[in-house]
Amino acid sequence: LFVEAIRCDPDHGFAYNSLGLVMAAGEQVKLDDGRVLGQRELLVRGIQADADHECGFGRVALAVTLPPKETAILHDGRTLDSKQLLQEAFTGDFEPHCLRVTRLDLDHTASIARLGEQQALVEAIRASDVKAFAVAALRRRLKPGETIRLADGTVVRRAASMSAASISASASAAGGRSGRASGTSQRASTSATGRATTAAAKDQKSRTVAAEAWLSSA
């Protein structure tokens, strides 16, 4: 659906960003015009297409898909890491496709720990809560005791109990705890296999549902 949206409008930034977000690292897609783009290329192209709207969604998506300590080169030649991308997202806005609504009933920190940042962002988009997710993701990248004020006035502080390792390991933390609790490597392996199968099924369902929902609102 996102590929079709790009075919109809080659400058549809939301479609580029959404397609990049539901892809895996290393995965590529061939567009109708013959271009073969990977996840990062799609997200950078989406940010470029949305430049006039100063939309923060693409920067958030690119930030959470960057491996730790890696950077991305934007269309304007600047090289930014994930923390810088998240900070810059707040120089724009989160509406209308960026979904500015902030819902206090959603715990994005718990969602990130359970799903990992990329899938948690998919859930945040479906819940119209991208801005609050971006704050939670940025908080994870701050140094202990660090506080920053964003361009829109939002103040973000690093939680004292948050470990730096959790930034890259949150998606597997629950699995590790489950494996240790099982008491045997065989049971841990079975549990991991079950989680992987469930995660794959959820990922495929999320791609389909998210594509239909996001495209209908685009």
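Modeller: Contact here means heavy atoms within 4.5 Å. The model is a predicted one.

Colleague: Which residues does Ser82 touch, not counting residues up to four places away in sequence?

Modeller: Ser82 belongs to helix 5, residues 82-89. Leaving out residues up to four places away in sequence, the residues that Ser82 touches are Ala63, Leu66, Glu70 and Arg141.

Colleague: Is Ser82 buried or exposed?

Modeller: The relative accessible area of Ser82 is 16%. The cut-off for buried is under 20%, so Ser82 counts as buried.

Colleague: What is the length of the polar contact between the side chains of Ser82 and Arg141?

Modeller: Arg141 is among the residues that Ser82 touches. A polar contact requires a pair of N or O atoms within 3.5 Å. The side chains of Ser82 and Arg141 are joined by one of 2.8 Å.

Colleague: How many of the 10 residues of helix 7 are buried?

Modeller: Helix 7 covers residues 117-126 and is largely enclosed by the rest of the structure. Its buried residues are Glu117, Gln119, Ala120, Leu121, Val122, Ala124 and Ile125.

Colleague: How are helix 2 and helix 7 oriented to each other?

Modeller: The axes of helix 2 (residues 13-22) and helix 7 come within 9 Å and cross at roughly 135°. Angles over 145 degrees would count as roughly antiparallel, and 65 to 115 as roughly perpendicular. Helix 2 and helix 7 are therefore oblique.

Colleague: How many nonpolar residues are in the contact of helix 2 with helix 7?

Modeller: Helix 2 contributes Gly20, Leu21 and Val22, and helix 7 contributes Gln118, Leu121, Val122 and Ile125. Gly counts as polar. The contact of helix 2 with helix 7 has no charged residues, 2 polar ones and, as nonpolar, 5.

Colleague: In which hand does helix 6 pass helix 7?

Modeller: The axes of helix 6 (residues 108-115) and helix 7 come within 7 Å and cross at roughly 130°. The two helices are therefore oblique to each other. The crossing of helix 6 past helix 7 is right-handed.

Colleague: How many charged residues are in the contact of helix 6 with helix 7?

Modeller: His108, Ser111, Ile112 and Leu115 of helix 6 meet Glu117, Gln119, Ala120, Glu123 and Ala124 of helix 7. The contact of helix 6 with helix 7 holds 4 nonpolar residues, 3 polar ones and, as charged, 2.

Note on methods:
Residues numbered from 1 in each chain as written. Predicted model: local features only at pLDDT ≥ 70, side-chain atom pairs only at ≥ 80, totals over all residues. Heavy atoms only, no water. Buried < 20%, exposed > 50% of the residue type's maximum accessible area, 1.4 Å probe, protein only. Helix = DSSP H or I, 4+ residues; strand = E, 2+ residues; numbered from the N terminus. Axes fitted to C-alpha atoms, helices over the stretch in contact; angles between N-to-C directions. Parallel < 35°, antiparallel > 145°, perpendicular 65-115°, else oblique. Left-handed = near helix turned anticlockwise from the far one by under 90°. Polar contact = N/O pair within 3.5 Å; in protein donor to acceptor, adjacent residues only side chain to side chain.
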